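Hi,

Here is the structure I promised to send over. Have a look first, then read on for what turned up in it.

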Amino acid sequence: MTTRKVYIKCFGCQMNKLDSSLVAAALRAAGFEMTDKATDADAVVINTCSVREHAEARVFSHLGHLKHMKKSRPGLVVAVMGCMAQRLGESLLAHEAVNIVVGPHQIPQMPDMLTAALETNGPAVRIAVTQHIRTPDDAAAAEHLDAFETAYDSDENHIKSQAFVRIMRGCNNFCSYCVVPYVRGPEVSRPPRAIMEQIRKLADQGIQQVTLLGQTVNSYAYSAGERTYKLADLLEMASEIEGIHWLRFVTSHPGAFDNSILNAMARLPKVCPYLHIPAQSGSDSILAAMNRRYTAQHYLDLLAKARAIVPDIAIAGDFIVGFPGETDEDFEATAALVRAACYKNIFVFKYSPRPGTRAEQKLADSVPSEIKQQRNHALLALQNEIAADYNSRFLGRELEVLVEGLSKKPHLNNAQEAGHPQLVGRTATDYIVVFNGPESLTGRFARIRIDQTSALTLFGRPV
Ligand code: SF4
């Protein structure tokens, strides 16, 4: 029997990247071969994102290409997985290119479904499986996903000696603009035992940095008998695993952020002093309309507390501009928060209504797109100005970085240095550091003396 080739195209967040790598590992174990070209593949799997309209538009454009490709290769099987598969369900099967639709909780079935589509039924097959785990108590379903995760967590998840480990699924927050609670279901925390087993296995395979993943990672809570394990407990337990040097966690919600996490960060040397904690807006009325359940002052107080407990902490934030009803004053409040927060970096997104969310149903998308665009630019420009100035404090300092590999976009400042290629690494605080050095440093720690800084990147030389 010839080996069937699969091409996986992944859109969206780190959760999706993790799901794609799990599916790739499961497919390999089932005898498939991975290819990085759709034109070589017998089956194409698209892992989709629903968080923004633009992300869904890109998936449809991709499906358009595949429909075209199928005219000359009618045997090609196309599967859609991820959040958009969950959101649109069976209706996606109406698209001529699509054979299989798989929700995030049914990804363990992917190898069987591709096998059936390719070998039994051919391309005429139409399958959709998009059930939710409806309640956190749906233990059998959760265990099934957990077993899948533990069995297959070992493949492409290992790039550059770093790995991602999911500690929880879903979200209970229902921010008014967000589709995640509808497509990923309610919060379900994985058992600490399974998480530690996975991290131990990764450490044995040479992984040095583990990032714990969750939509609201600070809400992690797993009860076993009398005890409830929280994120700080996981950090403590994972810190004891030999071979692991750095531990990170993303993404945090500012609403109920426990001091114990900051204390663990201050106390445990392996826990990186880095917090990705979206604010989304600096205006209290917009935060209320977003159902974020905190005020701008609460958020700033949390950052002040984080800096008091972990003095070197670096903080990254996310913002949505052009939320329904956002006035110039609201936007100015967001800019004021950015000035006060002193972020390492921010991610800015223009609001787009997501079908089925409360914002889409109850609030008119009232901010014109050119204003959204202007606010997006203005906020990034402000942040760049602040960071460019703030980052100069690194000049002359020696920083430890985990080297990720060759720099994808060589920076002209020191691209010409003879003898060695330009490499890129990250500090514990998640700063990107560019330097020239032997490629063999990839996946290892190096000490770099910083001799130049910019808003987003530090430059230096190995010590
Ligand atoms: S916390 Fe809010 S924005 Fe984040 S995943 Fe949950 S609902 Fe979405």
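Let's start with the ligand. The residues around it (C-beta atom, placed from the backbone, within 6 Å of the molecule) are Cys-171, Asn-173, Phe-174, Cys-175, Cys-178, Val-180, Pro-181, Gln-215, Thr-216 and His-253. Sorted by class, that shell has six nonpolar, four polar and no charged residues. Here Ala, Val, Leu, Ile, Met, Phe, Trp, Tyr, Cys and Pro count as nonpolar, Asp, Glu, Lys and Arg as charged, and the others, Gly among them, as polar.

Before going further: this is a predicted model, where local features need pLDDT of at least 70 and side-chain atom pairs count only at pLDDT 80 or more, while totals for chains, interfaces and linings use all residues. Numbering runs from 1 along each chain as its sequence is written.

Now the sheet. Three strands form an open sheet in the order S14-S15-S16, paired parallel. (Strands are DSSP runs of E, at least two residues, and helices are runs of H or I, at least four, numbered from the N terminus; two strands pair if DSSP finds at least two bridges between them.) S14 (274-276) and S16 (345-350) are the edge strands with a single partner each, so one side of each has no neighbour in the sheet. S15 (residues 314-321) pairs with S16 over six bridges, in the parallel sense, and Gly-317 sits opposite Ile-346 in S16. Helix H14 (residues 369-390) packs on this sheet, touching S15 and S16 (contact: C-beta atoms, placed from the backbone, within 7 Å), and its direction makes about 175° with that of S16. For that angle, axes are lines fitted to C-alpha atoms, for helices over the stretch in contact, with angles from 0 to 180 degrees between N-to-C directions.

Cheers

Terms used:
Two residues are in contact if their C-beta atoms, placed from the backbone, lie within 7 Å.
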